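Here is a short briefing on one protein model.

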Amino acid sequence: MELKRKYKKTSGYTPLCRMGECSLKRLEFGILELEAGESAEYDTREKETAFILLEGYCTVRFGDQTWERIGNRSSVFENRRAVSFYMPAAQKLRIDADTHVKIAVCAAPVTQKTKPQLLPEEHVTVKTLGTAPWERVTSFIIDQNTNAKTLTVGECYVTPGNWAGFPPHKHDVDNMPTECIAEEIYYFLFEPKEGFALQCVYTADGSVEEAYRVKNDELVEFPYGYHSTVSAPGYSTYFLWIMAGDYQGFNRSLDPDHAWAVDPKGR
């Protein structure tokens, strides 16, 4: 099962994960990239859609509303609190690039009709999770505190040489409130851009056993299974994480073989 994909810069919207054409059934992802002065139209159709500004500034027009020159960074490493905007299903919009702009487009099917929402950097919650050497800084952008009903989206910043998401965790069993069924994507960027990380994906029964070397502008899908990440020394690792399921949030279980690491004295 090939779960890794790569984005190559193009003008306009590039779909990277489409339901029915990848391992995912409830989650889609792509990149919208424009140069200053270019425009793109987008129709959310039957999916709620979150637009995360990775870099640059843009103006968004829909209906009789305009959000002018939104954005706050030229690189994801410049500011850990992303500006984003949310669009409900059945919404048409136009995006005009004020500067070069790169936007992550995250979508999931919904039945509820909600409202558009502009989310400034002040909306983002930033937390330090884990403990060295698996400590990382995580931001929460789209969650139950927004108009989204299915999506949960955030960003993770991993110290060079550190792990993230350790002990390995999964969310593929309906066992609430401990664990829910949710698909996920990690989209990676690095500073310097020549960096890389290792992404593990596996199941307890061994039916999936993958380890990918992920580079700049690559992503990995998690339809199910345990997953964990380690950053190469000397390179700052960033990944955008996108989840979609029946519940929003971190309802997950740890691999019992490694859960002891959370409290080594308890082993």
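A salt bridge here is a side-chain nitrogen of Lys or Arg within 4 Å of a carboxyl oxygen of Asp or Glu. This is a predicted model. The structure holds 12 such salt bridges. A search of the whole structure also finds 1 cavity of 30 Å³ or more.

**Salt bridges**

- K4 and E218 pair through their side chains, at 3.5 Å from N to O. K4 sits in strand 1 and E218 in strand 20, so this pair ties together parts that are 214 residues apart in sequence.
- K4 is partly exposed, at 26% relative accessibility. E218 is buried, at 5%.
- D217 and K102 form another salt bridge, 2.8 Å from N to O. D217 lies in the loop between strand 19 and strand 20, while K102 belongs to strand 10, 115 residues apart. Both D217 and K102 are buried.
- D96 bridges to R94, with the closest N and O atoms 3.0 Å apart. D96 is buried, with a relative accessible area of 10%, whereas R94 is partly exposed at 34% relative accessibility.

- The largest cavity holds about 140 Å³ of space. Its lining has 14 residues, and the closest to the centre are R136, H169, Y186, F250 and R252.
- Strands 13, 15, 17 and 22 each give two or more residues to this lining. Strand 22 provides the largest share, 3 residues.
- By class, the lining has 7 nonpolar, 4 polar and 3 charged residues.

Conventions: Residues are numbered from 1 along each chain as its sequence is written. This is a predicted model: local features need pLDDT of at least 70, side-chain atom pairs count only at pLDDT 80 or more; totals for chains, interfaces and linings use all residues. Side-chain values use heavy atoms; hydrogens and water are left out. On a 1 Å grid over the protein atoms alone, a cavity is a set of points where a 1.4 Å probe fits but cannot get out, and a pocket is an open set with protein on both sides within 12 Å along at least five of seven lines; lining residues have an atom within 4 Å of a point. Grid points are joined across faces, edges and corners, and a volume is the space filled by probe spheres set on the points. Helices (H or I, at least four residues) and strands (E, at least two) are DSSP runs, numbered from the N terminus. Ala, Val, Leu, Ile, Met, Phe, Trp, Tyr, Cys and Pro count as nonpolar, Asp, Glu, Lys and Arg as charged, and the others, Gly among them, as polar. Buried means under 20% relative accessible area, exposed over 50%, partly exposed in between (1.4 Å probe, protein chains only).
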